[in-house]
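Colleague: I have a few questions about this one. Can you put it up on the screen?

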Amino acid sequence: MGDTMRKGNIFEFPTGRRLCQSVGDGRSVAVLARKLSSGARLRTFGSIHDVLSIDISDLTGISDDTIDRLRALAAHRVLTPSSVVRLALRHASEIGRFRPWPPQAARPFRSNYDFILAGDVFESFACRIEDRLGGAWVARGTLEDRALLFEICPPDGCPLYIAHGMDADTGPRTFLRKPRNWRSDLSRMAEGAEGMRDWHVLIVGGLPTDGQKRATVIGGIADGLRRGGAGVRIVKAADRSEFDTEAGRLKDARSHLNLIEIAYPGLVDVPAG
């Protein structure tokens, strides 16, 4: 037993086996530890660091009479270190402060977003992210790969789009457009400007059908682009009410701004709150 009791011993438990398992006949670790301690007439505390390099209180996060007794049983060589570790973990499980690892069943991941991908992520692709709760959605691709955007975006509705890229003369530029037919508009843009084929395009859909609410959301998206540092050129901008405020517009556009931030990090500034 001398070799097994030396300080710094490492205990390897088989992968997949539960470290904490009830004996099934009503005997708890607390009862076992109490009987063993009383039978051996041990002091409560012993020189635990002579046999274990880690204190079982640190291992389990528990410090009670049972842990003290197990510590003494290990220090006096009544139980092997591996047995003490197993009993300490089982004791933690019995009093509800320890969850065996690995967990018996992983919790399912629930997301509020749907993600759709078209193309090849290593070459040309487009993606669309949709808010399941509010119906807002944003798709991202390049002007050259607009056919993939056509594939993943809903055919109905009147979305707007954001075109962002590098202009040879003026540097970074951002357009916010809301044409009657965004598909035709993108095709004309791609055919008329060869240098814009690698520009990034974000299609923003799920906008309110009410005219004033729609204008407010579009205004909030434009504000978010400006706050993000983009020099935005708005084409066919909606009229704003004289009672509109930036804070109100940003609040109404928050769902769309969050999706834009996910699709193109850093393009917009999404206010906190």
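Colleague: Which residue of S6 does Ile162 stand opposite?

Modeller: Ile162 stands opposite Leu202 in S6. This is a predicted model, where local features need pLDDT of at least 70, side-chain atom pairs count only at pLDDT 80 or more, and totals for chains, interfaces and linings use all residues. Residues are numbered from 1 along each chain as its sequence is written, and side-chain values use heavy atoms, with hydrogens and water left out.

Colleague: How many bridges join S4 to S6?

Modeller: Five, and the two strands, S4 being residues 160–167, run antiparallel. Strands pair if DSSP finds at least two bridges between them. The strands (E, at least two residues) and helices (H or I, at least four) are DSSP runs, numbered from the N terminus.

Colleague: And what about S3 and S6?

Modeller: Six bridges join S3 (residues 137–142) to S6, also antiparallel. There, Thr142 has His200 as its bridge partner.

Colleague: Is S6 mostly covered or open?

Modeller: Mostly covered: of the six residues in S6 (200–205), five are buried, meaning under 20% relative accessible area, where exposed is over 50% and partly exposed is in between (1.4 Å probe, protein chains only).

Colleague: Which residues have the most contacts inside the largest nonpolar core?

Modeller: Leu160, Ile162, Leu202, Val204, Ile221 and Ile260, in a core of 23 residues. S4, S6, H7 (211–227) and H9 (254–263) each supply at least two residues of this core, and the largest share, five residues, comes from H7. A nonpolar core is a set of buried Ala, Val, Leu, Ile, Met, Phe, Trp, Tyr and Cys residues joined through side-chain atoms within 4.5 Å.

Colleague: Changing topic, how far apart are the end C-alpha atoms of H4?

Modeller: They are 20 Å apart, which agrees with the 20 Å that its 14 residues (81–94) should span at 1.5 Å a residue. The expected span is 1.5 Å times one less than the number of residues.

Colleague: Which residues of H4 are buried?

Modeller: Among them are Pro81, Val84, Val85 and Leu87.

Colleague: What is the phi of Arg77?

Modeller: Near 65 degrees, a positive value in a residue other than glycine. Most residues other than glycine have a negative phi.

Colleague: Where is Arg77, then?

Modeller: Arg77 is in the loop between H3 (65–75) and H4. Arg77 is partly exposed, because its relative accessible area is 37%.
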